[in-house]
Amino acid sequence: MAETVPVRCPACRREHRYTAPAYPCVCGAPVAPRLDRDGSATPVSHRDWQDDWVTVRCGSCGRRGEWPRPEVGCACGVVLRVAVVKERGTTGLAAADDGSGTAASRGPEAGKDGTATDQDDQQGSARRPDKPGRPRDAAAVAATAPAARHPFLSVTIRTARDAVTATALYLRWLGYRGVRRADQRPPSGIGLAARGVVAQVDPAVRPATLRDVECLWLTAMTESADCLYFSLSGYADDARARADALGVPLFVLDLTGTPRPVNAPAETLAATGAG
């Protein structure tokens, strides 16, 4: 049962009843952060990627993952960060999605020359094509498709931050590990990265352009990774045509927070997962 705690705004002294949302673990079990009944809510004065996430352990399988930190908006205009019980042995973005203890924010381990280790290359080669953006072989995809996956639980989109949260959760649902803020900022929107993939979240009110898609694809080429594009307002016709030619999966985010595939590479990825 979802936990509910009273939250008092320090600015206007209004009291709210807050219920922690549950998100799906990779094992399918719902996971919600433990709220600190004795803690005090703190106003959010500025945004920081690391502070927007909290480490939560799944009670069913024991995996630790990063989930959106609980917040509530007060009628006076203040956004309140709800106090949570901190997981032992973790700080910040401390735990990987697979529960191995590897920092999610580190990405693939690198050798002395800055390149990914052989182990990471072997893991990444199973989920990315010979060249970035090239459509994966249909027979290979079918052979590695998972037997079943739990349904994706969406997050209602009200702000640009919600769009990023929904996309990060969807990337995990697809099977990507170590979702984090991308090191390289895209020309528009917000960049996310995980092992073997870079993703762009575009909350703009205009459709994504040809240049947006090409810039994402070029970024993926330099990092030897796949790429995915998520847009709130769809895509221009020439952008969709170029994405089809390059094999870039395109998704549209509706206001319920559910990504909808709009081209063949996206449909394949949504059906089979990252592999």
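Residues are counted from 1 along each chain as its sequence is written, and side-chain values use heavy atoms, with hydrogens and water left out. Since the model is predicted, local features need pLDDT of at least 70 and side-chain atom pairs count only at pLDDT 80 or more, while totals for chains, interfaces and linings use all residues.

Side chains of opposite charge can pair when their charged atoms come close. The structure holds five salt bridges (a salt bridge being a side-chain nitrogen of Lys or Arg within 4 Å of a carboxyl oxygen of Asp or Glu).

One of them pairs Arg8 with Glu15, at 3.1 Å from N to O. The two side chains are also joined by a polar contact of 3.1 Å (a pair of N or O atoms within 3.5 Å; within protein, one must be able to donate a hydrogen and the other to accept it, and residues adjacent in sequence count only if both atoms are side-chain atoms). Glu15 sits in strand β2, residues 15–19 (helices, H or I with at least four residues, and strands, E with at least two, are DSSP runs numbered from the N terminus). With 49% relative accessibility, Glu15 counts as partly exposed, and Arg8, at 39%, is partly exposed as well (buried means under 20% relative accessible area, exposed over 50%, and partly exposed in between, with a 1.4 Å probe and protein chains only). Setting aside neighbours within four places in sequence, Glu15 touches Pro6, Val7 and Arg8 (contact means heavy atoms within 4.5 Å). As for Cys74, 59 residues away along the chain, its C-alpha atom is 8.9 Å from that of Glu15.

Over in helix α4, residues 210–222, there's Asp212. Asp212 has a relative accessible area of 5%, so it counts as buried. Its salt-bridge partner is Arg206, with the closest N and O atoms 3.1 Å apart; Arg206 is partly exposed at 32%. Again leaving out neighbours within four places in sequence, Asp212 is in contact with Ser188, Gln200, Asp202, Arg206 and Tyr229.

Glu214 forms a salt bridge too, this time with Arg242, and here the closest N and O atoms are 2.0 Å apart. Because Glu214 lies in helix α4 and Arg242 in helix α5 (residues 237–246), the pair ties together parts that are 28 residues apart in sequence. Glu214 is partly exposed at 25%, and Arg242 is partly exposed at 33%.
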